[in-house]
Every structure is written in structure tokens, then in C-alpha cells.
Amino acid sequence: MTTKPSITPRKARHVKRKHWALLAAATTLPLVASTGTAAAETPSATGSGAATSATCTYTPAVPADNFKGIPVFDAKKAAKPYSATLKTSQGAITFKALTAEAPCTTFSFRFLAEHDYFDHSHCHRLTTQRIFVLQCGDPTGTGSGGPGYSFPDENLTGATYPAGTVAMANAGPNTNGSQFFFVWKDTKLSPAYTPFGRVTAGLDVLQKIAAGGEDDQNNPGDGFPTLPVNIRNVKISSR
């Protein structure tokens, strides 16, 4: 079952853009990071397949904000474990990348981070009712941004979203780009959002941001964080 998003985008765009969405599994409330002037249906969990290195293809797509090129998958590099530390205005958040479980996603995130894609962007969306996430990864800061390519879902079988999960926001099956979210409190979601990391330090930072609240500009409990979360840089380190 799908529902139409009930919010309008914060900033209209002239190109047709997708809607990166989070749909609470136990409700019909669409919590949408809107990315275009035309409404799109929110994704369902059905039809989302897991990607493997054999199907790890990055396909050109719009929008292409702060374009850094399109990665070429390298299975050897993708297999190397790493951690990512986001230095934000509210404190540092570090997560372990799930390179074995989500190689396409973690390779893309590493590519973008190493090309400074996330630097000087901010996390544009905080939800504090029904689902509990902080959404980031849009260089435009409007919820309408993307890296200029998309790639398949993976690691969805049995996916759950406890506190500390890092997962991709999407516009439906196999439409991943650059937007992702941190889960700051255990959340029930359909297994439709690729989990690709686990927070190892900074969960307290996420909870502080959540405690600060948001402005309800999308829906009650869904808006721009009151405490600004500016991403200064993202550091990738071997572990």
C-alpha cells in the first residue's frame, strides 16, 4: 500500500526530482524528505532486492548537486573495512561501515566523503514522533539534493532499525543517492532502507540533537532541527 506525501517541498526546483521518503511500518503517515515540485508515492517494502557486487552499478540520475562524478565500483577497495567520522557543529558522530553487508552503499558513501561531498552541508530533517531519525546527505540543505547517480538496494533481508543504525533514504526500490539517516532511538520501519552502518561513537550527540526538538514544518514531530547540525567534514579511517 502506498500513500501520497502530504507536505510540500521547502524549495521548488525546475528539474523533476524524486522524494526520498521514510514510511513508518506501523502507520500510514508518510514522513517524506521532499525533493521535487511533483508529488510521488512513498515507497513500499515490496520489490526491494538486495544488491551484490555483480549488480553494483551507479546509474546517472538527476539531480546532480555538488557533482563529484560517478563512482566506478572496485570490489577490492569496497571490501576494505572503514569507519566514518562526521564532525558536526553539535559534536562528532562515528559509524562503522558495513562493507561486507552493503558494499555498493558503503563504496558510494566513501567515494562521496573522499571527494568532500558532504562538507559544509547540514542535516535538514529530524523526526521525533513514530520514527526517530536525523536525515542528512543533501548538499542543498533543502531535502531535494542528490549526487547525480543512483544505485540498488542491498542488505534488506530481515533489516531492522535500532538506535545507532545508519541507513539510506530513498524514493522507492533501487533509488539510493546521497541522502541517509541516523536512527537516534529504536524505530520500526519497513525493511526498505539499506542499513549500511552502525554508530560506534556519538549516539549521545544524536540524542542531544533530538532533545533540542524540531520546527514541525513538515508535520508534527517532523521538521528542521532546532539545533543546527552543520557537517564540517567527514573523515574516513581504516579500522
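Among contacts in this chain between residues at least 6 apart in sequence, 74% join residues at least 24 apart. The model is a predicted one, and its chain holds three helices and 14 strands. Of the 239 residues of the chain, 56% count as buried, while the chain as a whole exposes about 9,600 Å², of which carbon and sulfur atoms supply 53%.

**Strand pairing around strand 14**

- Strand 14, which covers residues 230-238, pairs with strand 4, residues 82-88, in the antiparallel sense, and seven bridges connect the two.
- Within this pairing, Leu 86 has Val 234 of strand 14 as its bridge partner.
- Strand 14 is also joined to strand 6, residues 121-122, by two bridges, and these two strands likewise run antiparallel.
- On that side, His 122 stands opposite Asn 230 in strand 14.

**Helix 2 as an element**

- After helix 2 comes Asp 116, whose phi is positive, near 60 degrees.

**Thr 106 within helix 2**

- Thr 106 lies in helix 2, which runs over residues 103-114.
- Is Thr 106 buried or exposed? Its relative accessibility is 0%, and because residues under 20% count as buried, Thr 106 belongs to the buried class.
- The side chain of Thr 106 reaches the backbone oxygen of Ala 102 at a distance of 2.9 Å.
- Which residues does Thr 106 contact, once its neighbours within four places in sequence are left aside? They are Tyr 82, Ala 97, Leu 98, Thr 99 and Phe 196.

- Asp 116 has a phi near 60 degrees, which is a positive value in a residue other than glycine.
- Asp 116 is found in the loop between helix 2 and strand 6, and its relative accessible area of 45% is why it is classed as partly exposed.
- Asn 155 also has a positive phi, near 60 degrees, and is again a residue other than glycine.
- Asn 155 is placed in the loop between strand 9, residues 147-150, and strand 10, residues 165-168.
- With a relative accessibility of 22%, Asn 155 counts as partly exposed, because the buried class takes in values under 20% and the exposed class values over 50%.

**A cis peptide bond**

- Val 62 and Pro 63 are joined by a cis peptide bond, with omega at about 0 degrees.
- Pro 63 itself has its place in strand 3, which covers residues 59-64.

Notes
Residues are numbered from 1 along each chain as its sequence is written. This is a predicted model: local features need pLDDT of at least 70, side-chain atom pairs count only at pLDDT 80 or more; totals for chains, interfaces and linings use all residues. Side-chain values use heavy atoms; hydrogens and water are left out. Helices (H or I, at least four residues) and strands (E, at least two) are DSSP runs, numbered from the N terminus. Buried means under 20% relative accessible area, exposed over 50%, partly exposed in between (1.4 Å probe, protein chains only). A polar contact is a pair of N or O atoms within 3.5 Å; within protein, one must be able to donate a hydrogen and the other to accept it, and residues adjacent in sequence count only if both atoms are side-chain atoms. Contact means heavy atoms within 4.5 Å. Accessible areas come from the Shrake-Rupley method with a 1.4 Å probe; for residues, only the protein chains shown count as cover. Two strands pair if DSSP finds at least two bridges between them.
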